[in-house]
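Open the structure in your viewer and keep the selection tool ready.

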Amino acid sequence: MFEKLKKFYYTKILRRKYYRVGKCKGCGRCCRQIYVQHSGGVIQTEEEFEKLKRQHVFYTYLKVTGKDEIGLIFECQNLDPETHLCKIHDKRPGICRRYPQEEIFAMGGVLAENCGYKLEPIETFEEIMSQVKKDAMKVTLWDRLFGRRGNN
Ligand code: SF4
Ligand code: SF4
């Protein structure tokens with residue numbers, strides 16, 4: 001019963017496709033290889049980034065460490081290089097508390113290598129296929145009742 005309620009809450013209320021499972025190993029990798037996504041896409045230039053800094057304090061923590069085909073690569077200056085731990089752990093921003101979120105996939109990203117978390121699909125492949133079939137049947141029924149009369 002609890003599992004059903006949990007599933008309903010995650011899929012229908014939160015509109016999630018994945019459960020986040022596991023726990024942080026404190027490796028600090030996700031604080032090092034960071035791409036910054038905003039409404040216009042992944043940040044490509046330092047000029048773009050300067051504008052973004054005014055929007056949220058999190059961006060002021062970041063410094064550019066490189067660039068690749070995706071965009072600028074940042075590292076957070078709150079990461080302790082010796083311990084690999086966050087120096088402001090108790091006051092870290094929400095975006096850090098929520099990591100990893102499934103939006104990472106929507107942005108074309110992946111989890112940091114060897115991250116202690118996993119994102120597991122909430123619905124099995126069979127459940128998804130069953131829903132696809134039900135939706136297809138609904139469309140067919142709707143067409144028969146109300147549409148496509150002129151085509152047959
Ligand atoms: S604020 Fe802390 S948790 Fe967030 S990216 Fe920086 S070092 Fe990592
Ligand atoms: S990559 Fe994963 S395990 Fe490593 S610090 Fe980030 S959340 Fe924790």
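Colour the protein chain by secondary structure: from the N terminus on, its elements run α-β-β-β-α-α-β-β-α-α-β-α. That makes six helices and six strands; helices (H or I, at least four residues) and strands (E, at least two) are DSSP runs, numbered from the N terminus. This is a predicted model, in which local features need pLDDT of at least 70 and side-chain atom pairs count only at pLDDT 80 or more, while totals for chains, interfaces and linings use all residues. Residues are numbered from 1 along each chain as its sequence is written, and chains are lettered from A and ligands numbered from 1 in the order in which they are written.

Next, zoom out. The C-alpha atoms of the protein chain fill a box of roughly 70 × 40 × 25 Å along the principal axes.

Select residues 62-67 and 72-76, which are strand 4 and strand 5. These two run antiparallel and are joined by five bridges (strands pair if DSSP finds at least two bridges between them). A hairpin of four residues links strand 4 to strand 5. Which residue of strand 5 is the bridge partner of Gly66? Pick Ile73 to see that partner.

Now go to ligand 1. Around ligand 1 are Cys31, Tyr61, Cys76, Asn78, Leu79, Cys86, Ile88, Arg92 and Cys96 (a residue is near a molecule if its C-beta atom, placed from the backbone, lies within 6 Å of it).

Finally, select ligand 2. The residues around ligand 2 include Cys24, Cys27, Cys30, Tyr99, Cys115 and Tyr117.
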